[in-house]
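Hi everyone, thanks for coming. I'd like to walk you through part of a structure, so please have a look at the screen.

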Amino acid sequence: MVDLSEIKNALNLDELEKIRVKLLGRNGVITQKFKELKNLAPEEKKKVAKELNELKEKATKLIAEKKVELEEKLLEEKLKLERIDVTLFNPKPTGAIHPITDTMNKIIDFFTKMNFSVETGPLVEDDFHNFEALNLPKYHPARDMQDTFYFKDGTLLRTHTSPVQIRTMMKQKPPIRMISPGAVFRRDYDLTHTPMFHQVEGLVVDSKGKVSFANLKFILESFLIHMFGDVEVRFRPSFFPFTEPSAEVDISCIFCGGKGCRVCSHTGWLEVLGCGVVDSNVFKAVGFKDVSGYAFGLGVERFAMLLNSIGDLRSMYEGDIRLMEQFK
């Protein structure tokens with residue numbers, strides 16, 4: 001009869017597979033014995049067939065068990081190789097600044113040098129600061145439960161950093177020149193969206209006539225050249241409830257130089273931020289009169305992906321050290 005002891009003695013998966021083929025393959029030992037049944041007498045054929053089926057079943061079971069054992073052993077060896085001893089002392093820094101943090105720092109650095117203050121606010125907001133004061137009426141789709149994380153008491157996780165602008169205007173008088181960097185939350189998750197991400201929004205307010213769209217255009221063009229180098233910048237008419245007029249801002253594709261490629265959908269342009277002149281209803285909500293201003297907002301992750309050629313936003317939150325090592 002066939003010796004199955006070699007299954008238990010297999011040292012690796014390749015060796016086990018060779019044994020499986022040797023026993024159960026098309027030309028395997030057990031398979032050949034089944035072919036020989038036709039040469040036996042009926043009574044003997046029945047007896048041998050039963051023994052062969054039991055042998056085949058036993059061999060299959062032993063191979064499956066051994067495979068699990070070898071796979072577990074292989075996994076343990078792999079984990080040991082990849083294990084990091086965090087107690088080991090290394091005099092040389094091995095960490096890296098996260099691409100989102102690095103991008104945020106570059107953005108803040110530019111605006112602070114342009115005399116913008118950095119303002120912060122709470123992550124949990126109320127309806128007035130997050131929506132109403134920003135000219136977002138009750139029926140606006142941005143209030144939809146699919147977009148916003150609400151709490152039972154009616155509060156919510158802020159969906160943008162614009163509430164910081166409202167809070168700043170309610171405690172300071174013009175002139176105001178500020179940015180509000182920070183985390184925001186929306187119900188979204190795909191290649192370019194995560195439930196938590198980061199924004200930097202800016203606001204400038206001064207006496208009526210002292211602030212115009214031309215000022216906004218100069219600031220944003222300078223900022224985008226600071227971030228992306230020698231790129232073309234264009235402004236397209238758009239709509240935002242809290243600014244009028246409003247615009248989307250594009251840069252010439254940094255990957256193809258504006259010629260058209262897969263990243264820019266063959267348009268030659270990449271959308272990077274939104275902006276506009278602050279709507280009068282926003283000023284009315286905070287009690288400002290005879291003022292003018294402009295605002296803008298951008299997604300930090302969007303900038304980080306473009307600057308570092310990262311294809312999937314989610315990968316920046318998975319903590320994979322192999323990705324982070326690229327940014328040393």
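Let's begin in strand β9, where Leu-298 is the bridge partner of Leu-273. Before going on, some background: this is a predicted model, in which local features need pLDDT of at least 70 and side-chain atom pairs count only at pLDDT 80 or more, while totals for chains, interfaces and linings use all residues. Residues are numbered from 1 along each chain as its sequence is written, and side-chain values use heavy atoms, leaving out hydrogens and water.

Strands here are DSSP runs of E with at least two residues, and helices are runs of H or I with at least four, both numbered from the N terminus. Strands pair if DSSP finds at least two bridges between them.

So how do β8 and β9 pair? They are antiparallel, over five bridges. On to β7 and β8: eight bridges join these antiparallel strands, with Val-249 opposite Leu-273 and Ala-247 opposite Cys-275. β6 joins β7 through seven bridges, again antiparallel, and Arg-236 stands opposite Glu-248. Two residues lie between β6 and β7 in their hairpin.

Is β7 largely enclosed or open? Eight of its 10 residues are buried (under 20% relative accessible area), so the rest of the structure largely encloses β7.

Finally, helix α4 spans residues 42–82 and holds Glu-71. Glu-71 has a relative accessible area of 38%, which makes this residue partly exposed, a label for values between buried and exposed, the latter being over 50%. Thanks, everyone!

Note on methods: Buried < 20%, exposed > 50% of the residue type's maximum accessible area, 1.4 Å probe, protein only.
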